[in-house]
Amino acid sequence: MNANFFRQYPRVDSGKGIYMYTEEGTEIIDGASGPVLVSLGHGIEEIADAMRTQAVKLAFAHRDDCVTPILEKSCETFYEASEGDFYKTFQVAGGSEANEIAIKLARNYHLVRGNAGKYKVISRWQSYHGSSMGVLSLSGFTKRRKGYEPYLFEHGHVAPCYCYRCWFDQKPEHCGLQCAKALENEILAQGPESVSAFIAEPISGMSLCGAEPHPEYFKEVRRICDKYDVVMIMDEVMTGWGRTGKVFAYKHFDIVPDIVSTGKAVSGGYFPLAAVSVTEKFYKALYENKGDFTPGYSWSGNPLGAAVQVAAYKYLVENKLVEKCAEMGDYLKEKMVELSKKHPIMGDIRGRGLMVGIEIVKDRKTKEPFEAKLKVAHKIQDVCLDENMIIEASSGCNRGQSGDALVISPAFVITKEEVDKIADRLDKAISKVEKELNI
């Protein structure tokens, strides 16, 4: 069952590096890494070999019954990669599961410490934390919530940190961090005794397409969470494991969250895997209060996923791909800025590393968006596919009602020549859409 019942999809049969190939041999640039997921590129034999070796040795063992050495080795890489921030890690099969586990861990943290009244999880508008009903409730991505509202709960959403369209009409150079202080107001309005956690993406994913926070935003959020005993959860399902040019995006902002969820790139795109990691302080609060943690899923902590993750991490480190992601990300951003001089509908160019966002606007000076019914970003995405390139499109960045944006997020192995190819094909696609719009 395809996402769009009426669309003709290319029949992709194989892949190598940033490319995928159809059954007929047509080469397609995977400029999105799937859903920002295949971070190391297609066709890496070392990772495939690790999967087979582990499958033959032991394909599955459940965390309720035993511990496997490969899972322990995998979790050690989280500690190493985070420079000691991730003291304990719980592995699951996908980002939605990871964020569900994160909010359950936060609840457990308050329960064992005698704070049973703290259960609410505050999040932000224009956020996305997953598709299962719990984390869809936390998501502020109006488009993806639409139609499912009767099943969702509401614990409170605050304004995003979105400097291009600041909800408080501020400029970054004269910012009072009202978007961060909105969290404190919400905690106080609901009562600190009822608030368990705050969850946020360090750099926005598909809802705001690479929007970065003010440099001081998360420091203020950290202060507020500490003041009111609120667990700070960082959703790095999209940004984690190198995508933004650092292994974890929270490292850009000089803070350490209590809980970090990761997914997508954690396995390089080779196995359904995600994880939730906690600090030593957080874990010891559970341990010293005689806590345990029984929630999970059938595939939680499976050795096959762990083996793939260990191989993917080794490949990431040995090939210095986080550093390359930062370098190629800068180059990709430069090419998009250069392209925007030619195309008046290209508004804000943003993001870190190889997660570059482009907001599409009707008027660059006023930031007026196109009417939502025109679906301009998705038209560009469709024309890119005609040009044999896949990119990600999104709509609703303007308070969920309008606004178009794109994300360019190729695998970390990309070269400058391949970045140039992406820019060339995007140039052609935008030109065609501008012509259709009479621009």
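The structure, a predicted model, holds 2 cavities of 30 Å³ or more. Rolling a probe the size of a water molecule over the atoms shows where empty space is left. The largest cavity has a volume of about 110 Å³. Its lining consists of 14 residues, and those nearest the centre are Cys163, Cys166, Gln170, Cys175 and Cys179. By residue class, the lining of the largest cavity comprises 10 nonpolar, 3 polar and 1 charged.

The second largest cavity has a volume of about 50 Å³. Ser39, Leu40, Trp241, Ala265, Val266, Gly268, Ala312, Tyr313 and Leu316 line this cavity. Of its lining residues, 7 are nonpolar, 2 are polar and none is charged.

Next come the pockets. Among the contributors, S14 gives the most, with 5 residues. The lining of the largest pocket divides into 15 nonpolar, 14 polar and 10 charged residues.

The second largest pocket holds about 820 Å³ of space. It is lined by 25 residues, and the closest to its centre are Arg63, Lys88, Thr89, Phe90 and Tyr283. Helix H3 (69-81), strand S4 (88-92), strand S10 (274-278) and helix H9 (280-288) each supply at least two residues of the lining of the second largest pocket. The largest share, 5 residues, comes from H3. In this lining, 15 residues are nonpolar, 5 are polar and 5 are charged.

Met1 is found in the segment before strand S1 (12-16). Because its relative accessibility is 93%, Met1 counts as exposed. Strand S1 itself contains Gly15, which counts as partly exposed at 24% relative accessibility. Gly15 and Lys375 are 360 residues apart along the chain, and their C-alpha atoms are separated by 30 Å.

Asp229 is not a glycine, yet has a positive phi of about 55°. Asp229 is placed in the loop between helix H8 (217-227) and strand S8 (231-236), and with a relative accessible area of 25% it is partly exposed. Lys290, also a residue other than glycine, has a positive phi near 55°. The position of Lys290 is in the loop between H9 and helix H10 (303-318). Lys290 counts as exposed, at 78% relative accessibility.

The remaining topic is charge pairing. Side chains of opposite charge can pair when their charged atoms come close. With a limit of 4 Å between a side-chain nitrogen of Lys or Arg and a carboxyl oxygen of Asp or Glu, the count comes to 26 salt bridges. One of them joins the side chains of Glu212 and Lys333, at 3.7 Å from N to O. This pair links distant parts of the chain, 121 residues apart: Glu212 is in the loop between strand S7 (195-200) and H8, while Lys333 is in helix H11 (residues 321-340). Lys333 is partly exposed, with a relative accessible area of 25%.

Lys219 and Glu216 also meet in a salt bridge, with an N to O distance of 3.8 Å. Lys219 is partly exposed at a relative accessible area of 33%, and Glu216 counts as partly exposed at 35% relative accessibility.

A further salt bridge is formed by Asp427 and Lys342, whose closest N and O atoms are 2.9 Å apart. Asp427 lies in helix H13 (residues 416-436) and Lys342 in the loop between H11 and strand S11 (346-352), so the pair ties together parts that are 85 residues apart in sequence. Asp427 is buried, because its relative accessible area is 14% and buried means under 20%. Lys342, at 53% relative accessibility, counts as exposed. Elsewhere among the salt bridges, shared partners join Arg165, Asp348, Arg350 and Glu359 into one network.

Methods: Residues are numbered from 1 along each chain as its sequence is written. This is a predicted model: local features need pLDDT of at least 70, side-chain atom pairs count only at pLDDT 80 or more; totals for chains, interfaces and linings use all residues. Side-chain values use heavy atoms; hydrogens and water are left out. Helices (H or I, at least four residues) and strands (E, at least two) are DSSP runs, numbered from the N terminus. Ala, Val, Leu, Ile, Met, Phe, Trp, Tyr, Cys and Pro count as nonpolar, Asp, Glu, Lys and Arg as charged, and the others, Gly among them, as polar. On a 1 Å grid over the protein atoms alone, a cavity is a set of points where a 1.4 Å probe fits but cannot get out, and a pocket is an open set with protein on both sides within 12 Å along at least five of seven lines; lining residues have an atom within 4 Å of a point. Grid points are joined across faces, edges and corners, and a volume is the space filled by probe spheres set on the points. Buried means under 20% relative accessible area, exposed over 50%, partly exposed in between (1.4 Å probe, protein chains only).
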